[in-house]
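Please walk through the side-chain contacts and strand pairings of this model as a tutorial.

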Amino acid sequence: ADPILVPPGNSNVTTAIGVEPRFAVSGGGSVGLEATDPSKDRINWAAASRGASISTSGPLNANIPVPRLIDEGRSGTEHYIGVNWPSGGFFLLDFGAVRTIDSLQLHIWDGDARVTRYRVESSTDGVSFSTLVDKTTGEHTGIQRLTFPTTSIRYIKIIGSFDSVDGSYFYLTDEILAIGDSTASPVPTQ
């Protein structure tokens, strides 16, 4: 990729991942980036490009395909995928391997005045699940940024328990993010 061009002397340029650029002495303002220390990489392990997959269980109400929740695109609140939780419905995210995760971001459909309740469970084997985040009380809507102690996880199960509008479907929209550390090489995004 070509270097990013900035005005000479502009030393306030940084990247979204916090890498400090180094400026070439000659060439007037072209930027070169130092390699990121792999021990500091923050990876979205819920991305299909990283080997993740997502499925649902139970009756489904959706206007986009389920894999759009992990395709690294922005679906927007006009798109939704809902699982019928009274019938045992849930979202199941598989990272493809055990990953070290410490935060999760979900976007609960907020195209109306709905509030919801849910819980997030995790597993390393897909058989034994334990509660990672419990949001089965209170009123939750919109973007949910969930943090928890660093945990080894392969599977994440997202289970609704209440919906104020239709009472039986738990809707997600937009991208699911599961952020953790890695020593893997960064994947270019440009």
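Predicted model: local features only at pLDDT ≥ 70, side-chain atom pairs only at ≥ 80, totals over all residues.

The dialogue below treats salt bridges, strand pairing, aromatic rings and charges over rings.

Q: How many salt bridges does a search of the whole structure find?
A: A salt bridge is a side-chain nitrogen of Lys or Arg within 4 Å of a carboxyl oxygen of Asp or Glu. The search of the whole structure returns seven salt bridges. One of them joins the side chains of R42 and D102, at 2.8 Å from N to O. R42 belongs to strand 3 (residues 41-44) and D102 to strand 7 (residues 90-108), so this pair links distant parts of the chain, 60 residues apart. Strands here are DSSP runs (E, at least two residues), numbered from the N terminus.

Q: Is D102 buried or exposed?
A: Buried means under 20% relative accessible area, exposed over 50%, and partly exposed in between (1.4 Å probe, protein chains only). D102 is buried because its relative accessible area is 17%, whereas R42, at 42%, is partly exposed.

Q: Which residue meets D94 in a salt bridge?
A: The partner of D94 is R154, with 2.8 Å from N to O. D94 lies in strand 7 and R154 in strand 10 (residues 142-163), 60 residues apart. D94 counts as buried because its relative accessibility is 15%; R154 is partly exposed at 23%.

Q: Where do D163 and R114 lie?
A: Their salt bridge has its closest N and O atoms 2.8 Å apart. D163 is in strand 10 and R114 in the loop between strand 7 and strand 8 (116-123), so the pair ties together parts that are 49 residues apart in sequence. Both D163 and R114 are buried. Elsewhere, salt bridges that share partners join R42, D102 and D181 into one network.

Q: How many bridges join strand 7 to strand 10?
A: Two strands pair if DSSP finds at least two bridges between them. Strand 7 and strand 10 run antiparallel and are joined by 13 bridges; among the positions involved, L93 has I156 in strand 10 as its bridge partner. Strand 8 also pairs with strand 10 in the antiparallel sense, over eight bridges, and S123 stands opposite Y155 of strand 10.

Q: How many aromatic pairs does the structure hold?
A: A pair of aromatic rings is described by the distance of the centres and the angle of the planes. Rings of Phe, Tyr and Trp (its six-membered ring) pair if their centres lie within 6.5 Å; planes under 30 degrees apart count as stacked, over 60 as edge-to-face and the rest as tilted. The structure holds six aromatic pairs. Y80 and Y171 have ring centres 5.4 Å apart and planes at 85°, so the pair is edge-to-face. F91 and F170 are also edge-to-face, at 6.4 Å centre to centre and 65° between the planes. F91 lies in strand 7 and F170 in strand 11, 79 residues apart, and both residues are buried.

Q: Which ring does R117 lie over?
A: A charge sits over a ring if NZ of Lys or CZ of Arg is within 6 Å of the ring centre and within 35 degrees of the ring normal. R117 lies over the face of F162, at 4.4 Å from the ring centre. K157 lies over the face of F129, at 4.2 Å from the ring centre.

Notes
Residues numbered from 1 in each chain as written. Heavy atoms only, no water. Helix = DSSP H or I, 4+ residues; strand = E, 2+ residues; numbered from the N terminus.
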